[in-house]
2 protein chains.
Amino acid sequence: MTRADLTEREEKILTAVIRDYVETARPVSSSAVVKRSGLDVSSATVRNVMRALEERGLIRQPHTSAGRIPADEGYRYYVDRLMGPVLLPERDRTRLTAELTVLRGHDLATVLTEVSRMVSDVAHQLAVGLEPAVESSVIERMEVVPLDATRCLAAVSMRSGQTRSAVFECASPADRQTAQAATALLNDWVAGLAVGDAEKILATKVGEKDCPFASLLCPLVEQWPALFHFHDSERVHYEGARYMLRHPEFSDDASILGEILDSEEALADLVRGPADPQDVAVTIGGENRRKKMRGVSLIVGSYRVGATVGRIGVIGPTRMRYRRLVGLVGHLSGLLDDFFSSDGTEERR
Amino acid sequence: MTRADLTEREEKILTAVIRDYVETARPVSSSAVVKRSGLDVSSATVRNVMRALEERGLIRQPHTSAGRIPADEGYRYYVDRLMGPVLLPERDRTRLTAELTVLRGHDLATVLTEVSRMVSDVAHQLAVGLEPAVESSVIERMEVVPLDATRCLAAVSMRSGQTRSAVFECASPADRQTAQAATALLNDWVAGLAVGDAEKILATKVGEKDCPFASLLCPLVEQWPALFHFHDSERVHYEGARYMLRHPEFSDDASILGEILDSEEALADLVRGPADPQDVAVTIGGENRRKKMRGVSLIVGSYRVGATVGRIGVIGPTRMRYRRLVGLVGHLSGLLDDFFSSDGTEERR
DNA sequence: TGTTAGCACTCGTATAACGAGAGTGCTAAT
DNA sequence: ATTAGCACTCTCGTTATACGAGTGCTAACA
């Protein structure tokens, strides 16, 4: 159970076990390791080493006298130290950039859905895309327009390029003049603020006695969260459920898929948590907080849209191609960063 | 194979077979039918009748000397003629209305997600909610506001209560004055039109040589579909995948679930097709166009939002509680109709 | 001390045989 | 037309068996 480094030979054998198991999904025998690792040793030697690896908790035996399969800790060691430079075939690279350019000009939800689809297709795994939390998006401009005696249209554009719009009720009628004046005032107050902050500011402003345009602004503030879908708007896009079901580890008991798909919050929580701003975060099996999620691994990357971040990720059995998928997610993170920062500025590459 | 009516006794036996099979998921024996149907006949008699029903294709034997299970045609006969008045327990009724009132004032996507959740919880099935096609929604008002030198915010509100907004690029700068005039003109043109029609009208108008505000309106029209997510905006909300996996018919081979979840279009097509404006449409197993969907049944209802219709539905194995689920979907259709027609007019019940 | 060949042992999987039980289909009696 | 009785069929669970893959161990070797 020491944390010390493995010898080079141990590392090679661990790698071989992982690579082979990822391919075949069956316990890996010592002789298979000999073949794959290229090591010039006998299977007996490999067995000795494997025993050592097992004692360290890196691999395990499903039952006595079976081959070895990687343990969560083994995957962890592999991901952290053995995996080597992440790798994404040129083929996939070009495909991704190509498909992404087509998406220029489309709204964020569409882009994210399509990107999730791309990811799941390339990864052959369940892919998930998380929209940036609009809560911390910075408001560029708001607009309030009267529709009829009791209803107004409100629209917000964020620096991130996201927009929100909704119709809200206001008891007393407002004419266009008033609405324009109110809009101007509103923008003075909230333009340049994050959505979350703006809500607080507005609540105070509107609460004051001499607040102008109160009859218009009060209802707006009251209905703020519902109207703009602000709070729970970290929408999740799934794609590629079919891949999940194809993995032998889930083909008999697919209940995990149900758990994942049905609990947006659970997943959002997971996806939000670990990822570092820049890097790709890998969560392996038992490392997940949710008990239900033990047995699956997550690879999550983030992309910036203005001041906020969204996430893209891949979910699959712990037996997954970490190197390739980390490469994929990382690469796509970068692409999306560019995509959203060059924003509408057309093709600046 | 005659289409003639069944005798009363035959109907009772068919009903018993279906009811029992729906509960137990196991082939129904003649003696079980005797118990359940309340008929005062021997099991031998029931066997004779069952043979007749089998020859008509209403029920079938999984293998020789097993009980009978309903065939698709049997379910069909049951749904069309035997099911009797649809039934939804008072408990569920009140629950639905209660949960629905809480959703007042929330935007359509949120409402639909929550409704799907409610449906799946009550039905214990995979539920699906389809947003109304915005294509045929009637535009109430559009608004164009300049943001900076090259970008404008556009917002549309539909009579249905739906709204769309987006940022678009326009080469030459526009001041607020111009934008207001353009907005006025725009509303003259498209207010009161369906979104789909408005697109065509605008395209012609903008194509004309002396079109005013061309520098502003041209880009708007060009980016119309992408901007407003108009064409492919029949968003699908799924809920309750876990229920699907619990059914014994899918627990071993869950690949169907993958197919359903991954092919939004396939499903949207299905859901769009059959439902009559007012009624609840039931599609049973092999009646589905898509081969992949044989083995599952659909119950679909519609709700009106202004001039457009959306759908809610339930997907499950053919072995489902048709009476209850038709009741549920029908009831909810009505509730949603009211919900959206009383629109923002607060509590008019 | 590390490595390896050889071999006995373990354990899962596949296959067949078997019995029990459920349910039908048929026949003959009512 | 209905039904009691009975033989027949088919599934399912259990047990026995053989097979094979793979290990762990021991002893020999560099």
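Begin the tour by selecting R176(B), which counts as partly exposed at 36% relative accessibility. The structure in the viewer is a predicted model.

**First stop: the partner of R176(B)**

Which side chain meets that of R176(B) in a salt bridge? Select E143(A): the two side chains are joined there, with an N to O distance of 3.5 Å.

**Second stop: R176(A) and E143(B)**

Next, select R176(A) together with E143(B). Their side chains also form a salt bridge, at 3.4 Å from N to O. Here R176(A) lies in helix α7 (residues 176-190) of chain A and E143(B) in strand β4 (residues 139-146) of chain B, so this pair too joins two chains. Is E143(B) buried or exposed? E143(B) has a relative accessible area of 7% and is buried, whereas R176(A), at 35% relative accessibility, counts as partly exposed.

**Third stop: the two chains together**

Now zoom out until chain A and chain B are both in view. Chain B is superposed on chain A by a rotation of 180° with 0.1 Å of shift along the axis, and the RMSD is 0.1 Å. The two copies are therefore related as by a two-fold rotation axis. Selecting the interface residues shows how the copies meet: 96% of those in chain B are also interface residues in chain A, so the copies meet through the same surface.

Return to chain A and select E259(A) and K292(A). These residues form a salt bridge whose closest N and O atoms are 3.7 Å apart. The pair links distant parts of the chain, 33 residues apart: E259(A) is in helix α13 (residues 255-262), and K292(A) is in the loop between β8 (281-283) and β9 (296-305). Of this pair, E259(A) counts as partly exposed at 28% relative accessibility, and K292(A) counts as exposed at 53%.

**Last stop: a network**

Finally, select R95(A), E99(A), D121(A), R242(A) and D262(B). Salt bridges that share partners join these residues into one network. Side chains of opposite charge can pair when their charged atoms come close. Over all chains, the count comes to 44 salt bridges.

Conventions: Residues numbered from 1 in each chain as written. Chains lettered and ligands numbered in written order. Predicted model: local features only at pLDDT ≥ 70, side-chain atom pairs only at ≥ 80, totals over all residues. Heavy atoms only, no water. Least-squares fit on C-alpha atoms with pLDDT ≥ 70 in both. Contact = heavy atoms within 4.5 Å. Salt bridge = Lys/Arg side-chain N within 4 Å of Asp/Glu carboxyl O. Buried < 20%, exposed > 50% of the residue type's maximum accessible area, 1.4 Å probe, protein only. Helix = DSSP H or I, 4+ residues; strand = E, 2+ residues; numbered from the N terminus.
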